[in-house]
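I opened this model to take notes on its fold. These are my entries, in the order I looked things up.

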Amino acid sequence: MTALLLPVAGGGTRAYTPRTEPPPATAGGPPLTSRTVLSAAHVVADPFADVSPDGPAAVDWDATLAFRRHLWSHGLGVAEAMDTAQRGMGLDWAGAAELIRRSAAEAEAVGGRIACGAGTDQLTPPATLPRVVQAYEEQLALVEEAGAQVILMASRALAAAATSPDDYLETYGHLLRQASEPVILHWLGPMFDPALEGYWGSTDLDAATETFLEVIAAHPDKVDGIKVSLLDAGREIALRRRLPRGVRCYTGDDFHYPELIAGDDHGFSHALLGVFDPLGPLAAEAVRALDTGDVKTFRGLLDPTVELSRHLFEAPTRYYKTGVVLLAWLAGHQTHFSMVGGLQSARSLPHLARAYELADGLGLFPDPSLAAARMRALLTVHGVPR
């Protein structure tokens, strides 16, 4: 295959020869057994819609749902309407509500597992605590009515309105008492969303952890698990060891997921990860090895993917969605590289080129020649010489 000239940080280009052989086909299969694995899935924009970046999102529903069927076919669950779906970064509550309804119906039709984010993004700031609670209640009810498990997302509005840890204890306690089934509590760090700085009532993570654990301890029967996205493996391990019996830890750590999912003598993490959007089939194959007790094969498959994940999630971390959608386009899951809110412009060309190179090296593209042709087209549009 003809080499591509990939731009590099600081200027200039270097030659990269794409792989020519497609990777071995990864078979689908039933749900995984040793770990509960949810992939936070992206949305596919409608590239022909005449919309502005700050207007309501125009979603290609057929392509969006087809991608979810792709994940379910490999035995993965779907975490819907999360930050990977550009929640609060191009996808507003009206769009998220439609996404939840459609995806939950599709999950029921194909027998796929789904959990959906309930937050407060219909609010216009500033909002009082009673309005925050009402917004949460509205979204929680919609997710439950759709037949999906609830993920109680971290709320920008709550972070702005709360004045003490007690405000978090009261708000979450009220919501958990209302939930009809156990929910997943979501702790998203400020590296993913700067507006969540000081969540749980303190910028001191040790103090915030104590409040978080107090919420869980007061309602262990209403908490299926916690989703932790702090990019701190040691903190996650310490936290999961303190959880009440039966409450799961779902890692959201896109830097240390192989070791956290593999676990240690004291336990392990399940997974709710944005990086499992591009890694879906490979992640499923790895966890199937873990289902048989084969930790070596599990680590052998997933450890090499960490370099790509760290690249996609490098600071500013909240723009990782751009690389995720690029890889979906290159892999043939959608026909274009455009995003709701125009977020395809959120990463530099050298960053995208490196993401392509790392993914190609891992064999993530079912058709390497298609991926190379599409990458070449993107480079040409940006003025990179052939």
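**Entry 1**

I started with the model itself, which is predicted. I traced the strands and found a closed barrel of 8 strands. The order runs β3-β4-β5-β6-β7-β8-β9-β10, and the pairing is parallel.

**Entry 1: strand β7 and its partners**

Which strands does β7 pair with, and by how many bridges? On one side I counted 2 bridges from strand β6 (residues 149–152) to β7, running parallel. Strand β7 (residues 183–188) is also joined to strand β8 (residues 223–229) by 6 bridges, again parallel.

Ile151 stands opposite Ile184 in β7. Val183 has Val223 of β8 as its bridge partner. For His186, the bridge partner in β8 is Lys227.

Next I looked at burial. 6 of the 6 residues of β7 are buried, so the strand is largely enclosed by the rest of the structure. I sorted the side chains by direction. Val183, Leu185 and Trp187 point one way from β7. Ile184, His186 and Leu188 point the other way. All of them are buried.

**Entry 2: His186**

I stayed in strand β7 for His186. Is His186 buried or exposed? Its relative accessibility is 1%; the cut-off for buried is under 20%, so His186 counts as buried.

I listed what His186 touches, not counting residues up to four places away in sequence. The list is Met82, Ile151, Leu152, Met153, Ala154 and Lys227. Lys227 is also the bridge partner of His186. I took one distance here. His186 and Met153 are 33 residues apart in sequence, yet 4.9 Å apart in space, C-alpha to C-alpha.

Thr211 counts as buried, because its relative accessibility is 7%. Leaving aside neighbours within four places in sequence, Thr211 is in contact with Pro165, Tyr168, Leu169 and Trp200.

**Entry 3: the nonpolar cores**

Which residues touch the most other members of the largest nonpolar core? That core has 121 residues, and I found Leu152, Tyr172, Leu185, Tyr199, Ile226, Phe276 and Tyr356 at the top.

I followed Tyr172. Apart from neighbours within four places in sequence, its contacts are Tyr136, Leu152, Met153, Ala154, Leu158, Leu185, Tyr199, Trp200 and Val215.

I also found a second, separate core of 10 residues. Among them are Ala40, Ile151, Ile184 and Tyr250. Ile151 and Ile184 are the pair I had noted between β6 and β7.

**Entry 4: helices α12 and α14**

The axes of helix α12 (residues 320–330) and helix α14 (residues 368–381) come within 8 Å and cross at roughly 125°. That angle makes α12 oblique to α14. From α12, the contact uses Leu326, Trp329 and Leu330. From α14, Ala371, Arg374, Met375 and Leu378 take part. By class, I have 6 nonpolar, no polar and 1 charged residues.

Where are the cis peptide bonds I noted? One joins Pro125 and Pro126, with omega about -5°. Pro126 is in the loop between β5 (114–118) and α3 (129–146). Another runs from Ala315 to Pro316, with omega near -5°. Pro316 lies in the loop between α11 (306–312) and α12.

Ala81 has phi near 60°. Ala81 lies in the loop between β4 (77–80) and α2 (93–110), and counts as buried at 0% relative accessibility. Gln86 has a positive phi of about 65°. Gln86, too, lies in the loop between β4 and α2. Gln86 is buried, with a relative accessible area of 1%.

Notes. Residues are numbered from 1 along each chain as its sequence is written. This is a predicted model: local features need pLDDT of at least 70, side-chain atom pairs count only at pLDDT 80 or more; totals for chains, interfaces and linings use all residues. Side-chain values use heavy atoms; hydrogens and water are left out. Axes are lines fitted to C-alpha atoms, for helices over the stretch in contact, and angles run from 0 to 180 degrees between N-to-C directions. Helices (H or I, at least four residues) and strands (E, at least two) are DSSP runs, numbered from the N terminus. Angles under 35 degrees count as roughly parallel, over 145 as roughly antiparallel, 65 to 115 as roughly perpendicular and the rest as oblique. Contact means heavy atoms within 4.5 Å. Ala, Val, Leu, Ile, Met, Phe, Trp, Tyr, Cys and Pro count as nonpolar, Asp, Glu, Lys and Arg as charged, and the others, Gly among them, as polar. A nonpolar core is a set of buried Ala, Val, Leu, Ile, Met, Phe, Trp, Tyr and Cys residues joined through side-chain atoms within 4.5 Å. Buried means under 20% relative accessible area, exposed over 50%, partly exposed in between (1.4 Å probe, protein chains only). Two strands pair if DSSP finds at least two bridges between them.
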